[in-house]
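Hello! Here is the structure I promised to hand over. Have a look at it first, and then read my notes below.

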Amino acid sequence: MTTRDPDDKNWPADDPISRAAALAASLPADQAARLLADLSAGMAGKGERTAPLRQALIDQANRQRPQRARRLFTSLVHPLLVDDPEDADSPLAMPLCFRRADMGGIWGALARGAFPDKAVEAASLMDALCTECLVDEAIERPEAQAMREKLRLATLVKLNQLAADRTTVEAFCTLANMIREKQHGLRTRHMTPISPQHLTDLAEVLAAQPIWAPAVAAFLRVTPPHAEAMASGEALARATTELSQALLAANLPSATADVLPVALLNRRGAFGSVAVMLAQRGAGKALRLGEAMVAALSGQFQSHVAMMTQAATNTRHEDFPITLTDEIKIRLGNSMNMIDEIVTAVREAGLADVPRLFPILRDATNNLMAELVRSPLQRTSLRYSAALFHRAHVTSDTTDVMFLVGQLVRLRALLRPTGLPIIALNKWRDQLVADVEFAVQKATRLEDGEDPLLDRFRHLERIERLAEVIGSTIVPILQPTSRHTQLIVASRLDEPGPLDGVALRLCTGYVNTVRAEIAKVRYWRNPDMVALAEKATGRGL
């Protein structure tokens, strides 16, 4: 490494490279890594000049990842790693996938009891390699790859020994859970314990790792996020078949080839592609992939309802408005898009028709409904009703309420075709429809000394906008024979301003209803209805 000579007059104390190197120590690891990549790309030919800054960035990025031997171990299953839950753990685990915290606990138990010498050797090697490059770069070095293979083989020996003795494997899981809790503290309260099934899955994956890892890496390289589902799904089916044949040739279970589509789900979210493959092969013949899709949907349900509960928490004061930040709106929108993608894939793959998978889907949906009933449905219903009946002006949270109601209506529309139980959402929407009808009845009932007619029409416009959110309209509710409603609509027709948007739709719909009512009577016509129809004709309706 090139270091600065204090006596070198060419590098003054206020040199920008020196100042940047000093500031690098305060950067988060991800920012340090990005700056290092930019530096390597943009400072070609100036290696000696920028060496102090480069080394400072490497040191800072690696300093925040001290468990380098553990990172070397977990890189064996890198495409199958999933993030740890922030809140409650998902009730379903994706088959063949491993939480980072679980792998940390398993590594700790292995390093402590199975091969402590190899663990120390791996730690020393990674520390030496990380003096001149980042952790992820060090893992790709030949000496690190050779060490990782030793760890894989030693782990397989230990896991096979554990599988033969129930008492020993339970003791190992207890130790792994204790280490996980020590590493992650209170966050482990939300995580399901490491179980013997985790070790069985890990043994299956590690046994075939030299065969599936190159195939998964190659497929992920050529499959971008949001790839076209049909073409990608067909390519996935071919690649999975080839991997299955390679595993059979190596005397390994062909079912382990499931790691390829599971890794694609985990890393690319390619639910449509996996759905195409399942539809071609038959969902009933690939239950583990079906379980992976259902587990992903269950986890997304849980994440979404947690955000909905945060946005619409019940309060003792019903008049307290709902306030949404732009961030939570974006997160809810993205989450709903993900649910849309997964539910569509589940339907296309025919998972709801598989007898072993439907009960799992049903339970996931029931859990979702139970959580929605506890807070979001009740809270949004109350605030939606307040927006409907507040005639004086728009309530302060009307926009946010409409957003949340729209999210829930969209969720209902997605789940209805699946045949899954959404009774709570159906009752909630039925109540909103009833509230809309009652609000229209109150808005079109005139009494002495109340609002001007034009204000009543503006209130009807607000009700119509709220009805649109739940996929409804108030036009069929407006009574053509009601004198009060006729006067309210006539007041808007008399207004000299242009008719457009909701006002145009309401006036046009109501006048057409009036004309249809007039046409029903051959020998006698209501003069007020005729006058309203003629007034509408004069406005070009």
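A residue counts as buried when its relative accessible area is under 20%, as exposed when it is over 50%, and as partly exposed in between (1.4 Å probe, protein chains only). Please keep in mind that this is a predicted model, where local features need pLDDT of at least 70, side-chain atom pairs count only at pLDDT 80 or more, and totals for chains, interfaces and linings use all residues. Residues are numbered from 1 along each chain as its sequence is written, and side-chain values use heavy atoms, with hydrogens and water left out.

First, the overall picture. Of the 541 residues in the protein, 47% are buried. The protein has 24 helices and 2 strands; these are DSSP runs, numbered from the N terminus, with at least four residues (H or I) for a helix and at least two (E) for a strand.

Now the salt bridges, each a side-chain nitrogen of Lys or Arg within 4 Å of a carboxyl oxygen of Asp or Glu. The count is 23.

One of them joins Glu149 and Arg152, at 2.7 Å from N to O. Both residues sit in helix α8 (residues 142–163), 3 residues apart, which is about one turn of the helix. Arg152 is buried, at 6% relative accessibility, while Glu149 is partly exposed at 30%.

Another pairs Lys535 with Asp494, with the closest N and O atoms 3.2 Å apart. This pair links distant parts of the chain, 41 residues apart: Lys535 is in helix α24 (residues 527–538) and Asp494 in helix α22 (residues 483–494). Lys535 is partly exposed, at 31%.

Happy exploring!
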